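Thanks, everyone. Let's get the model up on the screen.

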Amino acid sequence: MKFSLSLYAVLGAMMAGHSGLRAQELRPWTEYRTVLWMGEKGQKNLENPKLPERLRELGMNTGMVSPGGKTDFYEANGFGFYIENTVNEGLCLKFRSNVTNWGKFINEWMESRDPGALVRAQPLEDEDWLRRMSERVTKTAKGHAAAQPLMHDLRDELSTTISANPFDYDFSETSLKAFREWLKTQYADLAALNRQWQTSFSTWEEVKPFTTDQMKQRIASGKPGPEEPKDWAAVRAVKLNPATARQERTRWNLAPWVDHRTYMDVALARALETFRQAARAADPATPVGVEGTQMPHAFGGYDLWRLAQVLDWVEPYDICNSREILGSFMPGKTILATVFEKETLAAQRRLWHLLLEGDKGCIVWWSEDVIDWSQPDLPLTEKGRALAPVMKSLTTPLAQLFLRAERERDPIAIHYSQASVQAAWMLETLADGKTWVKRFSSYEADHNNHAVMRNAWLKVFQDHGFSPVFVSSEEIEKGALEKRGIRMLALPGSRAMSDAEVAAVTAFAKRPENMLCGHGLAGFFDQHGTVRDQVPEVLAGFAESGEVGMIAISENGASLRIRDSFSSYAGERLKAKGDSYMLKVAEELRKILVVKAPVSVPVEERVRVHRYRAGSQARLVAFERNIEYKMREELAQAGGNEALEKETEFTATLAEPGHVVNLRTGEQMGLTQSFTVKLDPWQPALFAILPEAAEGDVVEKLLKAF
């Protein structure tokens, strides 16, 4: 269908204003929700009189229905429910698409390199599709509004490709027309675009982005292109040399590819916003979101900052810090977890960890795994029996206390730069040559070097007892560093930054009370992926990953240089206590930090500290082993945490003394500034810090403060 410029203008206005939908308009979410994803057998057994009893035995308080499904069972028995997969076309190519067998599709394309295959089965800008799906969303929301569903789920495992698998969607005419209109909002005129891209288009109608193959050929040959690769060995051999890159500007000009990647992120977010608008217009009180999101990536539409602006809730797959990032970008909004564990301890550890991070519920995958539907009394399966005590623990008064408490963060930020994610992916995958398209997200989760850099900085701050936040490029451009009182900023491989970002970060670094941390060619490219003429001296001090370089510097003279890449911290910290160079680096870093932790813990213990306000004066503190939560595509938890899966004992030191109470045991530890913590690796240690001694049930008393 011909693309409507008026529709583009309307959708653009909606994106710019974030719909005018405010979180406070939504129905209050006051309790932890344990949700059972209902499969076909479960939905067919809603009339079974044993089901309510069995769901309560499992610890469930919420169920699932499909659009237009019956909700009588849930309403009659006091259970909540949510609506799943309202948009049944176009957002997830695993279903109702001509490329559902992605592996076969990619294997065939690798041989043909057919440009015709770059047309997405459903363009995200197609007017007819947007209208039909909006009508479906509206009908569903209206039909269920009176029953007050917990939430509307637009789509599970959505993507512009499959998951975050790399592929050059979308080169359909519909999408390319929309892309050109978007480019007109980014560049003053066609001449400006040609200068940025180093192209020679004579009309806007001729403008076409580079494919990934064409971008790699430009890098290999140094010629403007676009050309298809002639020698994949040459592609694999080329590497960015910062010392000579400015003399090879064409070779390292990624703009014709980066701009298209950015636009596809915009296209997905814009479609989601369209559907959220439709749902909220029909049912203003019910939050609208998505399930099964992926890691930050150059493909799939996974710019987590953009997605966070158009969702009321999300259920992320916690891959490469996705949960931490979305938690920073969606304060006050609802985040839920997927439950796939079969063991009690593993489920207990992760779900309590996520509750402490601010999760308001979880979705158990799936009903067929936890209830034996073949038996008339519907007994719980082994997995169901293992999960039941965990589910029940999440709805206790103790859990409710931490759910209601106000989380405290530190004035420490980690840069989230989608432009850097894009540039890093292109540079990292040169070594893959022709097979870059096989770098599926299941592989990328363990091998993306940029993600490792980001995780190293997150973990070192957490190991020091801090609760940092992620800050997006847009937030930095709008002055968030100063407005939010940020004192320390980490640039983990922030290769691509806008002029406004560079100016804001440079001004930040020049204030003597602040500290800049990071590594990896900060600001070397602009936000389009074009080599910058000159980088401010304060940013130029950070060397490329793998070289000796600066990891921390401040105007007051404090600095720290190391001999290895700081990225290795993420792996070394998972080893048993001993002679670890990187743990020693972390201790050296502590000496020069310009922010002191309100609750200090030994770095070598690798303990995560969570802090909260409970009322006007009371504080809550939680300690847990700071393990790596690396969910894989197949919903399996990665290993590697064995050294931290042991009980430990350490001393926690408070910035100011208080009356300490162990909330699990009720032990009154008296007025003190330091106390001993015995930490079980499978569940957090929970404490209250009170202004004066308290008697009786402290949890009950603190809950009354809300």
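I'll take a helix pair, then aromatic rings.

This is a predicted model, where local features need pLDDT of at least 70, side-chain atom pairs count only at pLDDT 80 or more, and totals for chains, interfaces and linings use all residues. Residues are numbered from 1 along each chain as its sequence is written, and side-chain values use heavy atoms, with hydrogens and water left out.

Helices first. The axes of α14 (residues 344-357) and α16 (residues 382-393) come within 8 Å and cross at roughly 25°. Axes here are lines fitted to C-alpha atoms, for helices over the stretch in contact, with angles from 0 to 180 degrees between N-to-C directions. Helices are DSSP runs of H or I, at least four residues; strands are runs of E, at least two. The two helices are therefore roughly parallel, a term for angles under 35 degrees.

Who touches whom? From α14, Thr-344, Ala-347, Gln-348, Leu-351 and Trp-352 meet Ala-386, Leu-387, Pro-389, Val-390, Met-391 and Ser-393 of α16. Contact means heavy atoms within 4.5 Å.

Now the rings. The structure holds 34 aromatic pairs, meaning Phe, Tyr or Trp rings (six-membered ring for Trp) with centres within 6.5 Å; planes under 30 degrees apart are stacked, over 60 edge-to-face, the rest tilted. Phe-524 and Phe-525 have ring centres 5.5 Å apart and planes at 75°, so they are edge-to-face. Phe-525 is buried at 0% relative accessible area; buried means under 20%, with a 1.4 Å probe and protein chains only. Phe-524 is buried too, at 5%.

Conventions: Angles under 35 degrees count as roughly parallel, over 145 as roughly antiparallel, 65 to 115 as roughly perpendicular and the rest as oblique. Buried means under 20% relative accessible area, exposed over 50%, partly exposed in between (1.4 Å probe, protein chains only).
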